[in-house]
Amino acid sequence: MHNETFDETHDEKDDVTHDVTLLPGDGIGPEISRTVLDILEAAGAPIRWHECVGGVTALETVGEPLPQATLDSIETTAVALKGPLTTPIGSGFRSVNVALRKHFDLFANVRPALTLLPSARYPGVDLVIVRENTEGLYAGIEHFIGMENDPRAVAESVMLITRYGSRRIVRFAFEYALAHGRRLVTLVHKANILKYTQGLFLEVGRQVAAEYEGRVEFDDRIVDATAMQLVLDPYQFDVIVTENMFGDILSDLAAGLIGGLGFAPGANLGERAAIFEAVHGSAPDIAGRGIANPTSLLLASCLMLDHLGETSTAARIRAALRRTLDEGAARTPDIGGTARTAEFGEAVIERLEGDTA
Ligand code: NAD
């Protein structure tokens with residue numbers, strides 16, 4: 001692993017080396033990051049890491065949760081791998097994850113749900129949820145309305161949907177489908193009840209879909225029916241595109257189908273930057289014990305390698321991970337074993353080395 005500054009000179013080999021910002025994160029973040037970096041290094045991923053801090057670790061070391069140096073690094077590299085960041089409840093600082101999404105306008109949250117764990121409830125699931133990351137109810141436009149002596153008699157949140165935001169996320173989903181050889185985009189909405197906001201999302205979605213006719217199939221579904229259908233028959237879905245809150249809920253549902261959040265990576269993508277992360281949190285209950293499962297962050301790093309064009313390295317890592325899980329080698333406690341994080345990493349590396357021999 002390298003931790004270098006940008007102004008150093010590099011030899012010819014560095015022409016193919018990608019600069020990536022690393023935020024190891026809080027809680028179990030440093031433990032799982034270490035293992036993921038070991039696996040990437042063993043796989044020969046040509047990455048020069050620029051390690052930065054964020055979250056509670058940053059607050060404790062440099063006095064602020066999202067230091068300018070971290071933002072500057074991501075601005076320069078345009079790609080980051082991020083461990084989970086703790087958001088202390090009621091402590092005053094807002095979620096660094098949300099701040100990063102806003103700062104870099106990371107409008108697309110991509111969450112693949114792929115079965116890797118043999119004991120997962122649904123074998124063979126392979127779908128992707130594309131969630132709009134900046135609008136909807138989560139835009140945070142809310143307030144109280146006072147009445148008589150009660151200043152909080154009414155609470156109101158605004159569901160913000162724009163033509164611009166809808167168009168760019170649906171177009172993103174279609175481009176993603178084309179780039180990844182996927183056949184169907186399903187737009188999920190609630191336009192039967194929310195006729196203005198969800199109606200606009202659906203209207204724009206249908207317009208965008210027309211541009212891709214003959215190349216990618218399209219259908220639309222109501223969110224509640226989609227939740228049921230995902231549980232009854234997840235195999236009918238391929239790419240789902242939806243607004244912010246529905247995407248949040250459905251992507252956790254989809255993670256449940258394939259073994260839980262420990263197997264769910266996420267990518268936050270915008271025009272200027274891409275941040276890849278484990279979907280789970282910093283797991284304070286097991287932090288520092290060396291028993292966390294690094295799979296989610298490892299899968300996030302594979303998404304990052306795909307993004308960087310290092311698709312064969314990503315495929316080799318996924319294959320080694322699949323073999324490790326299939327053989328039941330080095331299972332961490334969350335998946336019924338006793339292995340430590342580092343042992344799990346070594347098991348993946350052994351299977352990786354077998355692949356390259
Ligand atoms: P969590 O995901 O950290 O933990 C929930 C449960 O899952 C815990 O029992 C934990 O031990 C377990 N778990 C999570 N990841 C695991 C792993 N890799 N291996 C084994 N077990 C694992 O959720 P939480 O407790 O609600 O949140 C803790 C902190 O993380 C909070 O401060 C929250 O704000 C933050 N958080 C951050 C992110 C992020 O950075 N993307 C996401 C969610 C939560």
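A disulfide is a pair of cysteine sulfur atoms within 2.5 Å. With that cut-off, this structure holds zero disulfides.

## What you are looking at

This is a predicted model, where local features need pLDDT of at least 70 and side-chain atom pairs count only at pLDDT 80 or more, while totals for chains, interfaces and linings use all residues. Residues are numbered from 1 along each chain as its sequence is written, and side-chain values use heavy atoms, with hydrogens and water left out.

A residue is called buried under 20% relative accessible area, exposed over 50%, and partly exposed in between, using a 1.4 Å probe and protein chains only. Cysteine 52 is buried, with a relative accessible area of 11%. Cysteine 302 is buried as well, at 1%.

## Around the ligand

Which residues are closest to the ligand? They are Leu85, Gly281, Ala283, Asp285 and Asn293, out of 20 residues that surround the ligand; a residue belongs to that group if one of its heavy atoms lies within 4 Å of the molecule. The shell divides into nine nonpolar, seven polar and four charged residues. Here Ala, Val, Leu, Ile, Met, Phe, Trp, Tyr, Cys and Pro count as nonpolar, Asp, Glu, Lys and Arg as charged, and the others, Gly among them, as polar.

A backbone N or O atom of leucine 85 lies 2.9 Å from an oxygen atom of the ligand, and a polar backbone atom of glycine 281 is 2.7 Å from a ligand oxygen atom. For asparagine 293, a backbone N or O atom sits 2.8 Å from a nitrogen atom of the ligand. On its own, the ligand has 810 Å² of accessible area, and the protein covers 65% of that; accessible areas come from the Shrake-Rupley method with a 1.4 Å probe, and for residues, only the protein chains shown count as cover.

Alanine 283, one of the closest residues, has another feature to look at. Its phi is positive, about 45°, although alanine 283 is not a glycine. You'll find alanine 283 in the loop between strand 12 (274-278) and helix 9 (295-307). Helices (H or I, at least four residues) and strands (E, at least two) are DSSP runs, numbered from the N terminus.

The expected span is 1.5 Å times one less than the number of residues. Its buried residues are Gly29, Glu31, Ile32, Ser33, Thr35, Val36, Leu37, Ile39 and Leu40. An α-helix has 3.6 residues a turn, so residues three or four places apart point the same way. After helix 1 comes glycine 44, with a positive phi near 80°.

Isoleucine 28 is in the loop between strand 1 (18-23) and helix 1. Isoleucine 28 counts as buried, at 3% relative accessibility. Between isoleucine 28 and proline 84 there are 7.7 Å from C-alpha to C-alpha, though they are 56 residues apart along the chain.

## Strand 2

Strand 2 takes in residues 47-51, with histidine 50 among them. Is histidine 50 buried or exposed? Histidine 50 is buried, at 5% relative accessible area. Its side chain makes a polar contact of 2.8 Å with the side chain of aspartate 19. A polar contact means a pair of N or O atoms within 3.5 Å; within protein, one must be able to donate a hydrogen and the other to accept it, and residues adjacent in sequence count only if both atoms are side-chain atoms.

Isoleucine 47 is in strand 2 too, and is buried at 6% relative accessible area.

In helix 5 (residues 163-179), 17 residues should span 24 Å at 1.5 Å a residue, and the end C-alpha atoms are 24 Å apart, which agrees. Its buried residues include Arg168, Phe172, Phe174 and Tyr176. Glycine 181 follows helix 5, and its phi is positive, near 65°.

Glutamate 148 is in the loop between strand 6 (142-147) and strand 7 (150-157). Phi of glutamate 148 is positive, near 50°, in a residue other than glycine. At 85% relative accessibility, glutamate 148 counts as exposed.
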